[in-house]
Amino acid sequence: EQGQYAEARCYVERALEIQERVLGADHPDTAQSLQTLGAVLVEQEEYAEARRTLERALEIQERVLGADHPDTARCQIGLGLVLQTQGTASEAHSYFARAVAILERRLGPYHPQTQAARVILTAGVLSDPPLILKHESLAYTDLFDHRSDTQPAQDERAIRADAGITVLEDRAR
């Protein structure tokens, strides 16, 4: 949030180095740090490196946690966002769609993370890549908020309302 991505990158890379040495390259925490590094790289607009980093994180998560795990789905969305920025919208769409399917099965259709993933899937089809990567919305931040306390009807309305406002605001620009 403070824009200190170079410093953040150093800290994340250091943490990743320690995790790989202590926990091993195939540990879920190592994959999570790779995912965090990928997000920092996106903010630095280093998309090719972000893609390689997120692909590595996804490989670990699929192998260790399974292809049907919510963390794996979240990584697929991150990778999809990078792919969309690189101009491979059809490949990005397939990652978004798989992530939504996983989250629906594992968390339920009304969970805020599932709803947020649906918004990203829809926005990915309707918008230019910068809209998705650079516009923070309630839906995107909720995707990575691991709260378990949910109120499905209220959350769904809030996310849909925010998504609609986000799309309309960006189309007006």
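Buried residues make up 42% of the 173 residues in this protein. Buried here means under 20% relative accessible area, exposed means over 50%, and partly exposed lies in between (1.4 Å probe, protein chains only). The model is predicted: local features need pLDDT of at least 70, side-chain atom pairs count only at pLDDT 80 or more, and totals for chains, interfaces and linings use all residues. Residues are numbered from 1 along each chain as its sequence is written, and side-chain values use heavy atoms, with hydrogens and water left out.

The protein has nine helices and zero strands. Along the sequence the pattern reads α-α-α-α-α-α-α-α-α. Helices (H or I, at least four residues) and strands (E, at least two) are DSSP runs, numbered from the N terminus.

Start with helix α3, residues 47-64. At 1.5 Å a residue, its 18 residues should span 26 Å, and its end C-alpha atoms are 25 Å apart, which agrees. The expected span is 1.5 Å times one less than the number of residues. The buried residues of α3 are Tyr 47, Ala 50, Thr 53, Leu 54, Ala 57, Leu 58, Ile 60 and Gln 61. They cover an arc of only 165° around the axis, so they sit on the same side of α3. That arc is taken from the directions from the helix axis to the C-beta atoms. The face turned away from this buried side carries the exposed residues Arg 52 and Arg 63. Just after α3, Gly 66 takes a positive phi of about 105°.

Helix α4 covers residues 70-85. Its 16 residues should span 22 Å at 1.5 Å a residue; the end C-alpha atoms are 23 Å apart, which agrees. This helix is mostly covered, with 15 of its 16 residues buried. Gly 87 follows α4, and its phi is positive, near 90°.

Now look at the charged pairs. Side chains of opposite charge can pair when their charged atoms come close. A salt bridge is a side-chain nitrogen of Lys or Arg within 4 Å of a carboxyl oxygen of Asp or Glu. By this rule the count comes to eleven. One of them joins Arg 9 and Glu 13, at 3.0 Å from N to O. Both lie in helix α1, four residues apart, about one turn of the helix. Arg 9 is buried, because its relative accessibility is 15%. Glu 13 is partly exposed at 32%.

Arg 9 also meets the side chain of Glu 49 in a salt bridge (3.0 Å, N to O). This pair links distant parts of the chain: Glu 49 is in helix α3, Arg 9 in helix α1, 40 residues apart. Glu 49 is partly exposed, with a relative accessible area of 27%.

Arg 51 is partly exposed at 24%, and Glu 55 is partly exposed at 27%. Salt bridges that share partners join Arg 9, Glu 13, Glu 46 and Glu 49 into one network.

Cys 10 is exposed at 53% relative accessibility, whereas Cys 75 is buried at 0%. The structure holds zero disulfides, a disulfide being a pair of cysteine sulfur atoms within 2.5 Å.
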